[in-house]
Amino acid sequence: MKTSGEHVVHLKMNLQYIILGATVRLLSQFSPERSSDVCGFIARAIGPLLPVSRIAASNLKMAFPGLTDACHRTILRESWDNLGRVVGEFPHLSKLDRTPDGPGWEIFGAEHIETGFHGGRPPLFFSAHIGNWEMILPVASALSLPIAGIYRKASNQVVAALVQEMRFLAAPGVKMFPKGSHGAKAIIGHLASGGSIGLLVDQKMNDGISVQFFGRAAWTAPAIARLALRFERDIVPVRVRRVGPARFRLICDAPLRITRTGDRRADEISIMSTINRHIESWICEEPSSWLWFHRRWPKVRA
């Protein structure tokens, strides 16, 4: 039998699911553009007032110390706008198709995907929390690419279940593996059978390797470098640029050629350094499109 405490927890989870589900259904009634605009407006108005904005402000000062405080505030506000739009567009991902205009997506540099194939093996892909990163797997699904995604289990099971449900609807056929030892085994099997993966590699990983990012040491997840070396794959950089409300452009850059020196540790650092520089160039091009709200660098002691 459940204890009274377990009943309370169960009731809270049910209420959370009902509230989140109602919010998703409400946003689904809007057009994709309207949903994007509404959530962008709310996030732009409220976000800068939240405590997490202090982390973003600190990150901006470390990445762009030469910009004025006014410029930092503008980037912060626009970054909140982008995050709000990502939320507003999430319930509509399954409705967005490849189209030359209006809500939907287009792709630039698709030839780089073919270039990255070797011996019938597809390249690996990396991206960052730029534009609407949630569009990457739906586009991969539409292109019939054998890409699997990696997800971090949310502490809130209700949120995790709802997010995974919508991701499945938006990207049918795309496998999703959880972070951790169980997911790692599944990823190895997927790659061994000729599949590929796409990884977001721009967040701090405390047990990663130290690699320069905007001129500062940043703990960086080396998984994509290790997998590229082990399975002899090239790596294709991809990002989703926001063109307008619920309008996106997936941009594929030329594959990163992997040099193997025999020193695996040095090769991992070399690959991840190249990847971090690539992400830096994306952020410098459109600073407000990046998610600044995670603590990317170690805390600076006063």
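## A buried strand and the sheet around it

Let's start with strand E9 (residues 247-252): six of its six residues are buried, so E9 is largely enclosed by the rest of the structure. Keep in mind that this is a predicted model. E9 belongs to an open sheet of seven strands, in the order E1-E9-E8-E2-E5-E3-E4, with mixed pairing. Strand E1 (104-108) and strand E4 (176-178) sit at the edges with a single partner strand each, so one side of each has no neighbour in the sheet. On average, neighbouring strands here are turned by 30° against each other, direction ignored.

**E9 and its partners**

- Arg247, Arg249 and Ile251 point one way from E9, while Phe248, Leu250 and Cys252 point the other way, and all are buried.
- On one side, E1 runs parallel to E9, and five bridges join the two.
- Glutamate 106 has arginine 249 in E9 as its bridge partner.
- E8 pairs with E9 too, in the antiparallel sense and over six bridges.
- Here arginine 249 of E9 stands opposite arginine 241.
- E8 and E9 make a hairpin with two residues between them, and alanine 246 in the turn has a positive phi of about 55°.

- Strand E2 (residues 124-127) and strand E5 (residues 196-200) pair in the parallel sense, over three bridges.
- Phenylalanine 125 stands opposite glycine 198 in E5.
- Helix H9 (residues 223-231) packs on the sheet, where H9 touches E2, E5 and strand E8 (235-244). The direction of H9 makes about 165° with that of E2.

**The nonpolar core**

- The largest nonpolar core has 73 residues, and the ones touching the most other members are Phe126, Ile224, Ile235, Ile275, Ile279, Ile283 and Trp292.
- Leaving out residues up to four places away in sequence, phenylalanine 126 touches a list that includes Leu199, Ile224, Ile235, Leu256, Ile275 and Trp282.
- As a rule, nonpolar side chains in soluble globular proteins tend to be buried together.

**Cysteines**

- Cysteine 252 is buried, with a relative accessible area of 4%.
- Cysteine 39 is buried as well, at a relative accessible area of 13%.
- If you're looking for disulfides, a search of the whole structure turns up zero.

**Glycine 109**

- You'll find glycine 109 in the loop between E1 and helix H5 (111-115).
- Its relative accessible area is 18%, so glycine 109 counts as buried, the cut-off being under 20%.
- Glycine 109 and serine 210 are 101 residues apart in sequence, and their C-alpha atoms are 31 Å apart in space.

How values were computed: Residues numbered from 1 in each chain as written. Predicted model: local features only at pLDDT ≥ 70, side-chain atom pairs only at ≥ 80, totals over all residues. Heavy atoms only, no water. Pairing = 2+ DSSP bridges. Helix = DSSP H or I, 4+ residues; strand = E, 2+ residues; numbered from the N terminus. Axes fitted to C-alpha atoms, helices over the stretch in contact; angles between N-to-C directions. Contact = heavy atoms within 4.5 Å. Disulfide = S-S within 2.5 Å. Buried < 20%, exposed > 50% of the residue type's maximum accessible area, 1.4 Å probe, protein only. Core = buried A, V, L, I, M, F, W, Y, C linked by side-chain atoms within 4.5 Å.
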